[in-house]
Amino acid sequence: MAASPTPRPNLPDPDGNPAASSLAGLQLPLPLAVAYSGGADSTVLLLAAARRWPGQVQAIHVHHGLQDAADGFEDHCRSTCAALSVPLQVRRVHARHASGESPEEVARTARYQALARAAREAGLHAVLLAQHADDQVETLLLALSRGAGLPGLAAMPPVFQREGMVFVRPLLLLSAQAIRAWLREQGIAVVEDPTNADTAFTRNRIRHLLLPALAECFPQYRETFARSSRHAAQAQDLLETVAEEDLARMGGTPAITALQMLPRARQANVLRHWLRKAHAASASAAQLEELLDQVADCRTRGHRIRIKVGAGFVQRQGERLQYGADLSV
Ligand SMILES: Nc1ncnc2c1ncn2[C@@H]1O[C@H](COP(=O)(O)OP(=O)(O)OP(=O)(O)O)[C@@H](O)[C@H]1O
């Protein structure tokens, strides 16, 4: 990376900032933080937020220590925040991934933890993230490419809680192009993450190869894909409510005879929900089908159920299913 020209001490004309209208109607608990990487998206968000809530906005930058360029990112964030008179906290994380773990996922988890902790310690009530409409489409396409179900197709929620903090993504309807065009027009310097150009990453191949083709074919794809994701999120909410009701009726954990009385899709729904919410485990489609077959066959007292899911096993114990270590050893 190179933080191209040093940020200008003269602040840009805030009127044309495309992020301003995304924040206009938002009522959020103050004071709040902007998760500021120094990149294009979080720069427009920081500028718009500082103007929308004067004196109530702080910036948090996470220094990952993963790239040589990270010190340059930090320097850039420091000078921009100084020019804006926005307080900045820099948090260092050293996210080392174990073998088999995705380095990006480990870095993301460490980043959310650091952002939440920094915001909490500074008495801030929410953290704004700068993902935009193109990021949302990329997330949806990645989910489709994995054959994801509704939770994946719902893509990124505009508001969520993590690590005890409220995170908000106000720019989900704004295109990357609108952000870049305004920054260029204003001559505002931003850092460029060199990995964004690396087409070894699927997300970057989507951005560079697929989105231009989509734009040719379906000029409104950002809006229409976002609408589909909202439909999926709504349907997923409903499924979770149904699963919670079914589970509560069974007494909090899956009971075999009660499961057998439900249609197969509803059994799948309640089992998936139970595994995810109570045990942070997610069953593959094949594991879930196997589990449903075994539940259907479970007509005698001696019928065993034992299926590996994630790091543990779903097993029959009397009239109920339980999840944990292998009971048969
Ligand atoms: N190092 C960081 N420090 C603080 N916040 C970050 C950092 N990296 C990312 N974020 C926040 O998380 C959001 C999503 O991260 P992602 O990696 O998709 O963004 P990015 O490509 O770095 O975006 P940007 O153009 O804002 O730099 C960013 O928009 C930003 O708000």
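Helices, taken as H or I runs of at least four residues, and strands, taken as E runs of at least two, are DSSP runs numbered from the N terminus. Colleagues, the structure before you is a predicted model, in which local features need pLDDT of at least 70 and side-chain atom pairs count only at pLDDT 80 or more, while totals for chains, interfaces and linings use all residues. Residues are numbered from 1 along each chain as its sequence is written.

I begin with helix H3. This helix comprises 15 residues, 70–84, and at 1.5 Å a residue should span 21 Å; its end C-alpha atoms are 21 Å apart, which agrees. The expected span here is 1.5 Å times one less than the number of residues.

Which residues of H3 are buried? They are Phe73, His76, Cys77, Thr80 and Cys81. These five cover an arc of only 125° around the axis, and therefore lie on the same side of H3. The arc is that of the directions from the helix axis to the C-beta atoms. By buried I mean that 20 or more other C-beta atoms lie within 10 Å of a residue's own; a residue with 12 or fewer is exposed, one in between is partly exposed, and C-beta atoms are placed from the backbone. The buried residues of H3 pack against strand E2 (57–63) and strand E3 (88–92), where contact requires C-beta atoms, placed from the backbone, within 7 Å. Just after H3, serine 85 adopts a positive phi of about 55°.

I turn to the ligand. Of the 17 residues around it, the nearest are Ala35, Ser37, Gly39, Ser42 and Ala130; a residue is near if its C-beta atom, placed from the backbone, lies within 6 Å of the molecule. Helix H2 (40–52) and strand E2 each supply at least two residues of this shell. The shell has seven nonpolar, six polar and four charged residues. Here Ala, Val, Leu, Ile, Met, Phe, Trp, Tyr, Cys and Pro count as nonpolar, Asp, Glu, Lys and Arg as charged, and the others, Gly among them, as polar.

Between helix H1 (18–24) and strand E1 (32–35) lies proline 31, joined to leucine 30 by a cis peptide bond with omega of about -5°. Glutamate 163, in the loop between strand E5 (159–162) and strand E6 (165–168), is not a glycine, yet has a positive phi of about 55°. With 15 other C-beta atoms within 10 Å, glutamate 163 is partly exposed.

Alanine 280, between helix H11 (264–279) and helix H12 (285–297), likewise has a positive phi, near 50°. Is alanine 280 buried or exposed? It counts as exposed, because it has 9 C-beta neighbours inside 10 Å.

Note on methods:
Two residues are in contact if their C-beta atoms, placed from the backbone, lie within 7 Å.
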